[in-house]
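Student: Could you show me how to read a helix and its salt bridges from a structure?
Tutor: Gladly; let us look at the model together.

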Amino acid sequence: MAHPNAPRKRFGQHFLTDRAVIDDIVSAIAPQAGQAMVEIGPGWAALTQPLVERLGHLQVIEIDRDLARELRGHAQLSVTEADVLQVNFTELAQSLNAPQLRVVGNLPYNISTPILFHLLDHVAVVQDQHFMLQKEVVDRMVAAPHSADYGRLSVMLQARYQMEKVLDVAPDAFHPPPKVDSAVVRMVPLVDVVDVPWSLLSELVRVAFGQRRKLLRHTLGAWLQQKGVATDFDVQRRAQEVSVAEFVALAQLCQGQ
Ligand code: SAM
């Protein structure tokens, strides 16, 4: 498609130009004809074009008015010109007559974490997500306990999704090149997530990792005591030693008391 303007920094615009990387990402997504897919931030259509060729139809969400105008010229695209953080994905799935959506995008890095948390609210209508993000963020998302990258983002997302890093992408794959390395992550919602009190989990994980070097008895232990929660949860360790399952179980226990 035509490039209506120079890349806009305020919209986090770094356009993919490396054909091999684009092919690798599309292969990782493995689009099939007829699937209901939504792309966040199509930009110059580097991913959009090969995706829609395979799908037949693609829903895109683009905030940049000039890019949205260009994209509207493509017969197989439905274009929502909006801030993705304002888009209700549950309503979008209904309007597409789809029980579930596949969501993809080379995300604007300045709002990538808010986008991930926004999508948590709509996880029931998500089949899977493939996102390009800062490598450092992907490393934190998929980090295992006992590693330096394991933290709030790891726990909150791993409690909801099975996640894996699909590929690393160097800055020279983009125009203009970002200052950081990038990576693509696959996120598949877990099916057996029942009755997790999300706001409680969020609060206790925030308390636990707030001062991650301290023993939990000074942070989470004090918080549990204040809430009057009786538990034999071991607080003589640091937050990064606690598994996702243990955090979830503790949130469930707190809710029950
Ligand atoms: N998909 C293209 C590619 O891979 O070359 C562009 C990726 S670029 C990193 C991010 C895209 O997201 C841009 O097209 C930008 O205009 C769009 N964008 C930025 N903020 C957005 C927002 N809040 N809602 C929707 N789209 C946004």
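Predicted model: local features only at pLDDT ≥ 70, side-chain atom pairs only at ≥ 80, totals over all residues.

Tutor: Let us begin with H1, where Val21, Ile22, Ile25, Val26, Ala28 and Ile29 are buried. These residues span an arc of only 160 degrees around the axis, so they sit on the same side of H1.

Student: Why do residues three or four places apart point the same way in an α-helix?

Tutor: The general idea is that an α-helix has 3.6 residues a turn, so such residues point the same way.

Student: Which residues are exposed on the other side of H1?

Tutor: Arg19 and Ser27 are exposed there.

Student: Now the charged pairs. How many salt bridges does the structure hold?

Tutor: There are 14 salt bridges. To read one, look for a side-chain nitrogen of Lys or Arg within 4 Å of a carboxyl oxygen of Asp or Glu. Aspartate 23 counts as partly exposed, at 38% relative accessibility.

Student: Which residue forms a salt bridge with lysine 165?

Tutor: Its partner is aspartate 168, and the closest N and O atoms are 3.1 Å apart. Lysine 165 is partly exposed at 31% relative accessibility, and aspartate 168 is also partly exposed, with a relative accessible area of 44%.

Student: And where do glutamate 203 and lysine 227 lie?

Tutor: First the contact: the side chains of glutamate 203 and lysine 227 meet in a salt bridge of 3.9 Å, N to O. Glutamate 203 belongs to helix H8 (residues 198-210), while lysine 227 is in the loop between helix H9 (220-226) and helix H10 (244-256), so the pair ties together parts that are 24 residues apart in sequence. Glutamate 203 is partly exposed at 26% relative accessibility, and lysine 227 is partly exposed at 46%.

Student: Which residues do salt bridges that share partners join into one network?

Tutor: Arg8, Asp64, Asp66 and Arg69 are joined in that way.

How values were computed:
Residues numbered from 1 in each chain as written. Heavy atoms only, no water. Buried < 20%, exposed > 50% of the residue type's maximum accessible area, 1.4 Å probe, protein only. Helix = DSSP H or I, 4+ residues; strand = E, 2+ residues; numbered from the N terminus. Arc of directions from axis to C-beta.
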